[in-house]
Amino acid sequence: MPNILVTRSSMPGMQEYMDEIEELWESHWLTNMGTKHLKFQEDLKKYLMVDQVELMTNGHMALELTLQALNLQGEVITTPFTFASTTHAIVRNGLTPVFCDIDPVTYTMDPNKLEDLITDRTSAIMPVHVYGNLCDVDEIERIARKYELRVIYDAAHAFGETYRGKGVGSFGNASCFSFHATKVFNSIEGGAVCFHDESLGKALYELKNFGIHGPEEVCAVGANAKMNEFCAAMGICNLRHVEDEISRRQAVVQRYRMHLEGIEGLQLNQAQPEVKSNYAYFPVIFEERIFGASRSEVFERLEKNGIGARKYFYPLTNTFSCFHQRYDVNETPVALHVSKRVLTLPLYADLCLQDVDRICEIIKDCKR
């Protein structure tokens with residue numbers, strides 16, 4: 001295992017968490033929307049500045065059940081430059097993913113290529129906020145309204161961000177978050193759906209609880225996606241410290257930029273105007289022809305020095321063997337180009353700045 005991991009989970013002090021879960025030993029109420037679940041839900045609504053929140057056992061179930069709750073059919077336009085969960089949630093709902101290419105700067109869905117993919121079978125758009133970079137929500141909303149399409153954002157990388165002072169979870173028909181241990185904010189495992197429409201909330205609640213509508217009525221074929229009380233308690237604790245966590249991540253990002261900006265052959269992530277960033281990831285694009293070393297060579301050099309990095313996202317989801325070459329990767333050439341060259345460097349609140357210095361020196365030593 002590397003000495004420096006690509007990410008590291010943020011945790012509250014042990015005593016703080018123990019104090020938070022103490023009452024669970026008194027109540028013995030460990031799941032099924034108990035007091036911690038309800039408090040966490042309300043805390044998130046305030047922090048994320050959203051109308052409604054439904055907690056889930058993980059981010060994938062947030063995506064999958066949101067698609068089901070919206071009762072979609074046909075095709076959903078998305079991007080292949082994402083984690084497997086995004087595409088799998090679409091396919092597992094019996095829907096067909098249609099892949100839109102990405103913008104070469106933000107790595108998010110390119111809205112200029114979106115309209116050409118819309119057909120009479122299109123029912124929704126599922127854009128993905130990537131590395132903390134927000135999609136062009138204004139243009140996506142305009143297109144969605146024009147064609148009367150639903151928009152479900154995969155916001156796993158965008159927790160705590162705002163655009164023009166508005167919480168990122170308030171865009172689209174729904175925004176789905178992951179609170180996995182590797183994220184900027186975690187509840188050990190967990191996820192949430194943010195939305196406006198109360199009827200969507202009722203459908204989500206039923207679907208995450210086996211479709212149960214009342215003590216003696218089951219009105220839908222549902223799943224079990226309820227967040228337990230221990231995860232909710234961790235979320236409550238971590239939410240108290242998330243702004244400090246983001247501030248410390250910012251310091252790490254600034255240190256990386258101090259070393260790596262201006263080096264020919266490296267493309268660094270750009271700050272977005274009017275976006276309050278969460279500094280979720282630090283991706284670097286390595287252009288071998290200019291830099292003199294490939295992404296894989298840099299990855300291996302870091303690994304030999306006990307430093308973990310990640311080829312994230314590689315491979316593209318439209319190349320997965322489980323889809324049996326059903327999709328043509330050449331239809332998303334920008335995503336393909338980036339996926340073969342991107343490396344996300346270690347980034348977490350506790351990362352020592354001297355370790356960042358060492359990581360950057362190893363990278364610079366690879367340049368030929």
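Which helices and strands each supply at least two residues of the lining of the largest pocket? They are α3 (59–69), α4 (84–91) and β8 (174–178); helices (H or I, at least four residues) and strands (E, at least two) are DSSP runs, numbered from the N terminus. This is a predicted model, where local features need pLDDT of at least 70 and side-chain atom pairs pLDDT 80 or more, while totals for chains, interfaces and linings use all residues. Residues are numbered from 1 along each chain as its sequence is written, and side-chain values use heavy atoms, without hydrogens and water.

**The largest pocket**
- This pocket holds about 380 Å³ of space (an open set of points on a 1 Å grid over the protein atoms alone, with protein on both sides within 12 Å along at least five of seven lines; lining residues have an atom within 4 Å of a point).
- Of its 23 lining residues, Phe83, Ser85, Ala156, Ser178 and Lys183 are the closest to the centre.

**The cavity**
- The whole structure has 1 cavity of 30 Å³ or more (a set of grid points where a 1.4 Å probe fits but cannot get out; a volume is the space filled by probe spheres set on the points, which are joined across faces, edges and corners).
- Among the residues lining the largest cavity are His157, Phe159, Asn278 and Tyr281.

**A sheet of 3 strands**
- The open sheet has the order β7-β6-β13, with antiparallel pairing (two strands pair if DSSP finds at least two bridges between them).
- β7 (166–167) and β13 (275–276) are at the edges with a single partner strand each, so one side of each has no neighbour in the sheet.
- Tyr163 stands opposite Lys166 in β7.
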